[in-house]
Amino acid sequence: MHQRHLAGLATATVLALAASLPLPAAAAEADTLYVDNTKAAGCSDTGPGSASQPLCTVQAAADRVQPGQTVKVAAAKYSEQVTLTRSGTPGKPISFVGGRLRDGVSGMPTVTYRKADSGTFEHGFVLNGVHDVTVSGFAVSGRQESFLLTDTQRVTVDSNYVANGDAQRTAAIRLTGAGSDITVSRNLVKASGTNMVVVDPGVKRVVLTTNAIDNQSGAGGIRITDSPGTVVTSNTVSSVCGPALALLGDSSGATVKNNVLAASYLAERAAAQCDTGQAVKMRVSPPSAEGTVADFNVATASRGAAVYDWAGATYADATTLHRSHPELVGHDINTDPGYQEDANTAVHLGGAAPAIDSADPSAPGQLSTDVLGFHPIDDPHVANTGTSFADRGAMEFTTSSHSFQIASPGSIPTGTEVTFQASHQDIWSPVISIRYDFGDGTSAVAESDSPVQHSYASAGSYELNTLATMANGDTVTAHRTQLVKEPGPLIAGQFATRSWQYPLSYSILLQGTASPWSIRSVTFDFGDGSPVESSVQSAEHIYAQPGDYTVTATVTDAGGRTEKVSQLVHAVYQPTTFHAMAPTRITDTRTGTPLRAGQSITLSTNQTPWFDQSPSAVVLNVTAISKNSDGHLTVYPAGSDRPQTSNLNVVAGRAVPNLVTVPVSANGSVTIFNSSGDVDVVVDRFGYYSASTETGDRFTPTPPRRLVDTRDSRKLDPAEARPVKVAGVGGIPANAASVVLNLTATEADSDTYLAVLPGGQTSPSTSNLNPVPGRDVSNQVIVPIGPDGTVNLYNNNGTTHAILDVFGYYAPDGQGLFTPTTPRRLLDTRETRSPLGTDGTRSLAIGGQGGVPADATAAVLNVTATETTADSFLTVWPHGSGRPNTSNVNFPPNSTVPNHVITPLGTNGTADLYNHVGSTQVVADLFGYFTKG
């Protein structure tokens, strides 16, 4: 869609558009007075008013201007009312010239006026009893009339921007007194008030043409009273509470053609302000109807009101009016005019609007250009329904308003001939020629849009300007800065890298790149088979897994030369804090299809929003229910290589849970692999780790300690939620947010499940452990502590004993930050056939090994007992301290049982493993570690 662009009316446009308005002929220096109050101008109201020493105020120029002179006013703010009392002559008019409406307010002189001491409001331009005067190219804002013309003759008000009015003002532009031969043309009026343009009784021979009027208070548009013979042509008027056009009194013999009269979306929004309801679009009094011609208008009613009030009768539409008056409105259109929302005015047309290519070009007062100076143009997407391809209303729907582009390297070396190409995409009028001004005193003209060649002799910064002339008469300028440098080599520069928002993500910036040519492209090869070509010298990349990667950047300049630079990037996980979450079930395949042997499932662990940051790792409770085979599950970051580790060892016909801490991919996903058989998988989320260390909790390990053993009191009953005091007990401080526990069930008399809940919660939606009669089972738990400092131990069915051992806590002022690692195997006694026997121990060196720092304070492990020979348990504790009276893994003979273990490390970064009775092989996998920070 080729929308009309009016946003530049608020700010200066980068690509300026050439003037096509009829401005006064160029005058000699003596015939021009200059006004410029900018600081650099050095103005003086007592000076000559020359270009080198301009006047400071527009009023000073008005007080001395002579017939035939032009007052040229620079773009700046002038806080004054300008009163004109001097006149030109028919052959020598006085012209006040500012900027161009097309360039926007920042390119125009702005006249603002304010409340006078008398309590009345000042005006913008006041023309009293003058003749042969033109005022063009000013932005005028204030509370009363921006232009007040009293008793004036042969005066033109053209191409001005009127805005920021007051809803109580009676007009934005007013013609009053015994005036005659006045033209109000191509003004953009965006204001509030009872009416926008008012012609009072006694003013004769007025032409109102090609004005865009947007009454944003919803009141009236143009009001003409007792002014016969007025021409109202090609205006776009938005109003709702008052008529868009009113011919009152005896304003007979008027011409009303090619206008768009309809409420904009802003006026409709203000309709509630109407005291008497919505008004018709065109009101013509009985005396004014005599000899008045109306046709080729777009007139659309507001909210059910009639469109026309003609000679005392109302008509719902053009069809009924034309039936009563066949000489009228035979070509009027009463459909939505197709206004488009715009930052400055709401009355410009969109594509396929009914006003496009449907006007009568022979209408009196029809101008050769629209409100912004664009010529009529044939829209190839719209069938012509008028007598030419001119558009109705003040604004031509045209591609000439689109920006031209100048293609060339942004920087070039001296003495090198370079191609310059100015282009305009999808234009409806062919380009006849383009003139290039290279900024070094030379120029060239290309036919059509052909490219030109040019070289610069000296280094520097040059302003390159083009002027394109189109077949329909529109001219468009574009400009850019061309840098020219001395010849030299291409230098690829060097890298600067930093970790980014997501895990294993890096922002890579290439610094120090240099060439006399502009850089055309940079191709980044991140060393993992994922090259990216960029138009800028920076890129972000996320690695699938930790490792050392060689990043290479290949730099290509506009001269076709290439250079490479490389750097080794160590992709590692960053230290993180813990964020506990309410336990949430994120998948349960029992309601669908089980995981087949050799299959994987990828889960988004952030199906509900994370609290604050993108997660680096997630804490899950994964339960496997095997239907027909023993096997194992492996949980790992989605998109990375599957590690040679396991998280759960599946037993046919049983539900086996285990806590899992695992890194996630950039989008928070993990993959679960099933080694054999058909397995249903239930996954519950308990929290996550985030690299933002300004929020979240830190982990403090404590010596393993038994917190509660129901064998010392009584079993848990069915559906019982037994509170257990945690905060303030056994080294857990009162401000602890979450606690790390090992939960063991023993002596269960039926199949059940246990859940550890925050204090105050008694009904779980997730589970932590699935006991069965005749077996001791255990699982680690990370659970938030309730407001009362407790957690609740819940049993679903039957009765069972439960044991809780504490291994540490999370608090805002805790000691350690967690760094996840790709799952890695630390120990497998099966490789050396050296199981742990009765009372057997084994030291496990973790700190200082495989990327784990020597000062690591704790480790996150998955410890598995396999090939067991007796009912027994494993205990993990920090090396160098006494073995605690706790357990981590409880297992029967001839079984494979895993458990998640967060264990403190001894001063040498080592943990010890202990087996109670019988013998067992032990497998230990690392999932991360804690360091002080």
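The legends below describe several close-up views of a predicted model.

Local features are given where pLDDT is at least 70 and side-chain atom pairs count only at pLDDT 80 or more, whereas totals for chains, interfaces and linings use all residues of this predicted model. Residues are numbered from 1 along each chain as its sequence is written, and side-chain values use heavy atoms, with hydrogens and water left out.

**View 1. An open sheet of 10 strands with parallel pairing.**
The strands follow the order β1-β2-β5-β8-β11-β14-β17-β20-β23-β26; strands (E, at least two residues) and helices (H or I, at least four residues) are DSSP runs numbered from the N terminus, and two strands pair if DSSP finds at least two bridges between them. At the edges stand β1 (32–35) and β26 (293–295), each of which has a single partner strand, so one side of each is left without a neighbour in the sheet. From one strand to the next the twist averages 5 degrees, where axes are lines fitted to C-alpha atoms and angles run from 0 to 180 degrees between N-to-C directions. Within this sheet, β8 (residues 131–136) and β11 (residues 153–158) pair in the parallel sense over five bridges, and T134 has T156 in β11 as its bridge partner.

**View 2. Parallel pairing of β7, β10 and β13.**
Strand β7 (residues 125–128) runs parallel to strand β10 (residues 147–150), and four bridges join them; here L127 has L149 in β10 as its bridge partner. Strand β10 also pairs in the parallel sense with strand β13 (residues 173–176), again over four bridges, with F147 standing opposite I173 in β13.

**View 3. The largest nonpolar core and the contacts of F125.**
A nonpolar core is a set of buried Ala, Val, Leu, Ile, Met, Phe, Trp, Tyr and Cys residues joined through side-chain atoms within 4.5 Å, and buried means under 20% relative accessible area, exposed over 50%, and partly exposed in between, with a 1.4 Å probe and protein chains only. The largest such core has 67 residues, and F96 and F125 touch the most other members; helix α1 (residues 58–62) supplies the largest share of this core, with four residues. Leaving aside residues up to four places away in sequence, F125 touches V82, L84, V111, V135, F138, V140, S146, F147 and L148, where contact means heavy atoms within 4.5 Å. A second, separate core has 26 residues, including A139, I333, A353 and I377.

**View 4. The largest cavity.**
A search of the whole structure finds two cavities of 30 Å³ or more, a cavity being a set of points on a 1 Å grid over the protein atoms alone where a 1.4 Å probe fits but cannot get out. The largest cavity holds about 90 Å³ of space, the volume being the space filled by probe spheres set on the points. Its lining is made up of 15 residues, of which Q366, T369, D370, D391 and E396 lie nearest the centre, and lining residues are those with an atom within 4 Å of a point.

**View 5. An open sheet of four strands with antiparallel pairing.**
The strand order is β43-β42-β45-β46, and the edge strands β43 (532–534) and β46 (562–571) each pair on one side only. Neighbouring strands of this sheet are turned against each other by 20 degrees on average, direction ignored. Strand β45 (residues 547–557) and β46 run antiparallel and are joined by 10 bridges, with T550 standing opposite L568 in β46.

**View 6. Strand β64 and its antiparallel partners.**
Strand β64 (residues 858–866) is mostly covered, since nine of its nine residues are buried. In a regular strand the side chains alternate between the two faces of the sheet. Along β64, A858, V860, N862, T864 and T866 point one way, whereas A859, L861, V863 and A865 point the other way, and all are buried. Strand β64 pairs in the antiparallel sense with β67 (residues 897–904) over eight bridges, where V863 stands opposite N899, and with β69 (residues 921–932) over nine bridges, where L861 stands opposite L926.

**View 7. Positive phi values at E867 and N894.**
In the loop between β64 and β65 (872–878), E867 has a positive phi of about 55 degrees although it is not a glycine, and this residue is partly exposed, with a relative accessible area of 37%. In the loop between β66 (889–891) and β67, N894 has a phi near 55 degrees, a positive value in a residue other than glycine, and N894 is exposed, with a relative accessible area of 73%.

Key: 1 Å grid on protein atoms, 1.4 Å probe; cavity = no way out; pocket = protein on both sides within 12 Å on 5 of 7 lines; lining within 4 Å.
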